[in-house]
Amino acid sequence: MRETISVFLVCLLALFSTLYCNQQDSIPEGDLLVLTVATQETDGFKRFIRSLQHFNYSVKVLGMGEVWKGGDYMSPPGGGQKVRLLKFALDEITEDNKVILFVDSYDVIFSSGRKELLKKFQQTKHKVVFSAETLIWPDRHLEDKHPHVREGKRFLGAGGFIGHAPNLKEMLSDWSGEDNDSDQLFYTKIFINPDKRKSINITLDNRCRLFQNLHGALDEVVLKFEDGRVRARNLLYDTLPVIIHGNGPTKLQLNYLGNYIPNVWTFETGCTTCNEEPLSELQESEHPGMVIGVFIQQPTPFVTVFFDRLLKLKYPKKRLSLFIYNKEPHHEKHVGKFLEDHESEYQAVKLVGPEEGIDPATSRNIGFDMCRDDIHCEYFFSIDVEVVLKNEDTLKILIEINKPFIAPMMTKPGRLWTNFWGALSADGYYARSEDYVDIVQGSRVGLWNVPYVYHIFLVKADVLRTDLKAPDLFESATLDPDMAFCANVRNKGIFMFVTNMHTFGRVLSVENYQTNHLHNDLWQIFENPLEWEERYIHKNYSKIMRDNLVETPCPDVYWFPVLNEVGCNHLVEEMENFGQWSGGGNVDQRIQGGYENVPTVDIHMNQVGFEKEWRKFLVDYIAPVTEKMFPGYHTTAHFDLAFVVRYKPDEQPALRPHHDASTFTINMALNQVGIDYQGGGCRFLRYNCSVEAPRKGWALMHPGRLTHYHEGLPTTEGVRYILVSFVDP
């Protein structure tokens, strides 16, 4: 029995001894130091530092303020400057127990902490571990010299490695290269030398447990959302890398991952960094100077409404200057009227009109120059005239987000279209990111680093004066100006953010906009129905259904608001501009049979090409009221005749009693009694009931064929206009 107890105690002691030794052998987190090279604080560098701070890494930045001479990722030479700086930094480290993690900074994100990193490093049982790649670079002739592996990636990646300080010093002891020599080639030649590989004790992270290089591995890496945390997962090896490196031409994919890692956005918390660096709320006296660039490149609907919204932006106009580029002669009257009324309200205004023959790309650089050259300009706000900017606080919101380049998300109603792209195809055109639909539909809300934005953005003037000072930002041999601009912004390391944290507005469809009418916006009911409604429908129309805003001035005669002042005026002006009023005689070749029993002086909708638009108006705005007022009756909103009637004392002042050839009739006043004319109105004979003061934009709806025998009362002064439609004939 005693022997059994003794054996048990010995085993237990051995177990505790093993656990104690293992704990002693683990590398203390304080022994880890991250070294990186960065010569300037780019957006990528700031992202790198944020991810380090999230996990409490200790970091030392080498080379800040130096001129970078190390080349770039697109050409084989380069990176030697990093080796020089690292060698010098290692020489200053005297503690042999130090573990050094050396990584690039502009295109690197950490996804986990020191404990996991050091544990995985120890599990390799090597003193130096390099990241691994699928592709060999820069010298493919060295492929056969790399050791073969049972599983994983064979080739060394120089963008990330971890090792004990003495071993790293030995590895760099032979460096005598130039700043523009290849660091990748230097490390590769050490690794493929069996003696040096053994002496320094180097291995590769073949299965991406520590490092994930994205170049050549985009299909392997996905986001992993779990328990309020986001990581990158390598599907090929089922590993969770600690460090993500967007090496080579994979910066955009890293930007996508960086929208989530480390815990930037999670399903549980939403955006965790959106309020990290905001400016304090702007006070009236502190609003920074800004140039607003307005760009009109093609015929566009609702331009006058655009300028109305520009005026309503909540920002002191004396802190705003305007640059307006107008390529279209059609819009000269709109721009001219706006400047005539409001130019004096702004600090300065510069107009480039169609007569100057300046192309759109050049115009944008001219706009940038207006800001660059003004020492008081701190921001440039670029907006195309097709943008419907609904949020009057947009400028304040974007400034307070405090990003060098920020755009509000704009949409097109009923479509998955926005002013940003979530990804790019291999040839630089549109591709849909995995999260695009969720962002557009608002199930993911935050700040999103994206590869392309257009139509509207805010950029800091300091950026325009430094990184974006080139005069050819919008020029490319292969890309359109907008795509060329975004490519140049990306290549300068500037992140383009789009925010959907607020509702900002939408972008108009301009493809089918015609300019052959006086008021071309009237024809936009199909292409831009929301804007059309806001422009032309009465502000109280929604109360018809919500608050039962329908009056009954006579039996079975319903009276309700439909068109607003602008809608009525535009219809009248359009008809007068067309000018081909009928003579009011019985012979009328415009109608079937050529004979009108109850003629009026009028113009038919089909004469001005408005019949399709009018039918949609009936379907969208009249049919719902009809079905509410006549329960059980479902109109098709079909009509044979729809026309604008003109009554004048010396032309046709009144209309004799008659029935209409319709199931029901719409009779809408287009101008105002007592102001535009005297007299007028409609009398229903059977009920001896008259509507003698019709309200402008309000419609009378009444049965047509049988019960409501009616007449038009005499107009005694001025000119009266009504719009009549015989529905469901």
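Mentor: One definition before we dig in: a disulfide is a pair of cysteine sulfur atoms within 2.5 Å. Also, keep in mind that this is a predicted model.

Trainee: Okay, how many disulfides are there in the whole structure?
Mentor: The search turns up 3.

Trainee: What does Cys271 pair with?
Mentor: Cys271 is joined to Cys274, with 1.9 Å from S to S. The angle about that S-S bond is 105°, and the link is right-handed.

Trainee: Is Cys274 buried or exposed?
Mentor: Cys274 is buried, at 7% relative accessibility. Cys271 is partly exposed, at 23%.

Trainee: And which way does the link of Cys371 and Cys377 go, left-handed or right-handed?
Mentor: Left-handed, with -90° about the S-S bond. The sulfur atoms of Cys371 and Cys377 sit 2.1 Å apart. Cys371 is buried at 0%, and Cys377 is buried at 2%.

Trainee: What about Cys554?
Mentor: Cys554 forms a disulfide with Cys689, their sulfur atoms 1.9 Å apart. This pair links distant parts of the chain, 135 residues apart: Cys554 is in strand E28 and Cys689 in strand E36. The torsion is about -85°, so this disulfide is left-handed.

Trainee: Last one: what pattern do the disulfides follow?
Mentor: Counting bonded cysteines along the chain, the pattern is 1-2, 3-4, 5-6.

Conventions. Residues numbered from 1 in each chain as written. Predicted model: local features only at pLDDT ≥ 70, side-chain atom pairs only at ≥ 80, totals over all residues. Heavy atoms only, no water. Buried < 20%, exposed > 50% of the residue type's maximum accessible area, 1.4 Å probe, protein only. Helix = DSSP H or I, 4+ residues; strand = E, 2+ residues; numbered from the N terminus.
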